[in-house]
Amino acid sequence: MNENENPAVNTESNAESCADASAAADAAKEGCCCERKKIRTPEEHRALLNRLSRIEGQLRGIRSMIENDAYCMDIMIQVSAAHAALSSFSCILLSDHLRTCVADDLKNGGTEKVEELIAVFQRYMK
């Protein structure tokens, strides 16, 4: 799978997982996010984990470059690549969240997911 492709989304199973997550939202507001879950298809799960493995490999490579006294700009190029990979990973998560959790919440007349998303964006902007 091309790393720029977004895996197919199963909106029915994601709608159920988002509904379950909404039921646990009160616990999350108190600081415990461990009850909120997002059920992903095996393809989505595998694609996300593969991306994270590549990012981990990039970070290990950067560490190795530091340990081996690599030239600063060579390290910066690798940092830039790792940053881009992490940004791409975030975009995939955000796209999936908007298509499933947020869309389902809005269809059901809720705004909780939109407010949650706004709060996350505010943290990113700091």
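These are my notes, from the whole chain down to single residues.

**Ground rules.** I am working from a predicted model, where local features need pLDDT of at least 70, side-chain atom pairs count only at pLDDT 80 or more, and totals for chains, interfaces and linings use all residues. Residues are numbered from 1 along each chain as its sequence is written, and side-chain values use heavy atoms, with hydrogens and water left out.

**Whole chain.** I looked up the secondary structure and found five helices and zero strands; helices (H or I, at least four residues) and strands (E, at least two) are DSSP runs, numbered from the N terminus. Read from the N terminus, the order is α-α-α-α-α. Of the 126 residues, 25% are buried. For my own reference, buried means under 20% relative accessible area, exposed over 50%, and partly exposed in between, with a 1.4 Å probe and protein chains only. The exposed surface comes to about 8,900 Å², with 56% of it supplied by carbon and sulfur atoms; the areas are from the Shrake-Rupley method with a 1.4 Å probe, and for residues only the protein chains shown count as cover. I also checked contacts (heavy atoms within 4.5 Å). Among those between residues at least 6 apart in sequence, 60% join residues at least 24 apart.

Helix 3 has 26 residues and reaches 37 Å from first C-alpha to last, close to the 38 Å expected at 1.5 Å a residue; the expected span is 1.5 Å times one less than the number of residues. I listed its buried residues as E44, A47, L48, R51, I55, I62 and M65. E44 counts as buried because its relative accessible area is 4%. From E44 to L93 is 49 residues in sequence and 9.9 Å in space, C-alpha to C-alpha.

Next I stopped at D69, in the loop between helix 3 (42–67) and helix 4. Its phi is near 55 degrees, a positive value in a residue other than glycine. D69 has a relative accessible area of 69%, so it is exposed.

**Helix 5.** I found K113, E116 and L117 buried in helix 5. They cover an arc of only 100 degrees around the axis, so they sit on the same side of helix 5; the arc is that of the directions from the helix axis to the C-beta atoms. The face turned away from that buried side carries the exposed residues Q122 and M125.

**Helix 4 against helix 5.** These two pack at an angle of about 155 degrees, with axes 8 Å apart. That makes helix 4 roughly antiparallel to helix 5. Contributors to the contact include S90, L94, L98 and L106 of helix 4 and K113, L117, F121 and Y124 of helix 5. My note on terms: axes are lines fitted to C-alpha atoms, for helices over the stretch in contact, and angles run from 0 to 180 degrees between N-to-C directions. Angles under 35 degrees count as roughly parallel, over 145 as roughly antiparallel, 65 to 115 as roughly perpendicular and the rest as oblique.

**L98.** Last, I zoomed in on L98, in helix 4 (residues 72–107). L98 is partly exposed because its relative accessible area is 38%. Leaving aside neighbours within four places in sequence, L98 is in contact with A103 and L117. L98 and K113 are 15 residues apart in sequence and 8.9 Å apart in space, C-alpha to C-alpha.
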